[in-house]
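Here is a short tour for anyone who likes to think in contacts and strand order. Please open the structure and follow along.

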Amino acid sequence: MTAKLIKGTEIREEILNEIEGEVKQIKEKHGAVPGLVTILVGENPASISYVTLKIKTAHRLGFNEIQDSQPVDLPEADLLALIDKYNRDDSIHGILVQLPLPKHVDEKKVLNAIDPDKDVDGFHPVNVGRLMIGGDEVKFPPCTPAGIQEMIVRAGVETKGAEVVVVGRSNIVGKPIANMMLQKGPGANSTVTIVHTGTKDLEGHCKRADILIVAAGVPGLVKPQWIKPGACVIDVGVNRVGEKISEKTGKKIAILKGDVDFDEAKEIAGSITPVPGGVGPMTITMLMRNTLKSLKFKLGIE
Ligand code: NAP
């Protein structure tokens, strides 16, 4: 059996087109567009390429995008003052502080300074609490888990009553996606197990999964024989396993692998995400959706 491919690149296009249409309508009716500011401290190359993609996506959607680049030695107090300025700016609906931050800055203090109603990354403790409560309380689901849930739903996979096994318990992927899948509601209502390095029988748990979500950051951790035939496999892992020359640009690029052995797993699973081109493209997409949501909350139309 060859699994159905759940392509993040295609789902991204569907969702971005939906957002673009909604932005146009809101602009016509309310004269407002979503405003997103990205604060980048320093010149970390990985952060720069991620932020560049965010800017490109925001522009395509007609957002008001502000790129606020600051020197690497920006004092923490000045960064907090900058966040306070954007917290009070009515034209800004989403504030994003690009991580990692330089060592002299307390990351937790900075993230907690963002107004929870502009925290489109969904990392502020208030939004983590809202996610835990579920239902109408949820304002900004964190972007990667929201992308994962959207992929499962759009692939037509039944979630109600499904055995979901999540490999990994990080605050940005494992815990929130597990929490989202167990909520009572559409696209969820599953029976959820989280496994990690303290789990006794990783293989046994994975074998039970109707939906297997793997976010460990260990290439090839999940063996093909651990996959239940017909299961939906979401591979969140992005692991650099080498370098190659790009056929398109002639430049050196990283060879990426997921946490699941894709070639063999696709012969057993019912549906599966590739790496790259699976979960990866969904994160920025959901960030854009959260920023649009923030504007809609402000206008009282969400
Ligand atoms: P993380 O913070 O390092 O957490 C990894 C989790 O996996 C931990 O809970 C760890 O368990 C568990 N784990 C690691 N090795 C394991 C093993 N051998 N057996 C069982 N559990 C194991 O990582 P993360 O931030 O969640 O990211 C996970 C992966 O997803 C990474 O490859 C990352 O690059 C990728 N990612 C992709 C996107 C995207 O595509 N947009 C976004 C975020 C992350 P313990 O808690 O016991 O240590």
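The notes below cover the sheet and then the ligand site.

## The sheet

Please keep in mind that this is a predicted model. Six strands form an open sheet with parallel pairing. Reading across the sheet, the order is β1-β11-β8-β7-β5-β6. At the edges stand β1 (4–5) and β6 (191–195). Each of these has a single partner strand, so one side of β1 and of β6 is left without a neighbour in the sheet.

Within this order, β7 and β8 are worth a look. Strand β7 covers residues 211–214 and strand β8 covers residues 232–235. The two run parallel, and four bridges join them. To find your place in the pairing, pick Leu212, which stands opposite Val233 in β8.

## Around the ligand

There are 20 residues around the ligand, and those that come nearest are Arg169, Ser170, Thr197, Val238 and Thr283. By class, the shell holds nine nonpolar, ten polar and one charged residues.

## Polar contacts and cover

For Val238, a backbone N or O atom lies 3.0 Å from a ligand oxygen atom. Thr283 brings a polar side-chain atom to 2.7 Å from a nitrogen atom of the ligand. On its own, the ligand has 930 Å² of accessible area, and the protein covers 69% of that.

How values were computed:
Residues numbered from 1 in each chain as written. Predicted model: local features only at pLDDT ≥ 70, side-chain atom pairs only at ≥ 80, totals over all residues. Heavy atoms only, no water. Pairing = 2+ DSSP bridges. Near = heavy atom within 4 Å. Polar contact = N/O pair within 3.5 Å; in protein donor to acceptor, adjacent residues only side chain to side chain. Areas by Shrake-Rupley, 256 points an atom, 1.4 Å probe, with all protein chains shown as cover. Nonpolar A, V, L, I, M, F, W, Y, C, P; charged D, E, K, R; others polar.
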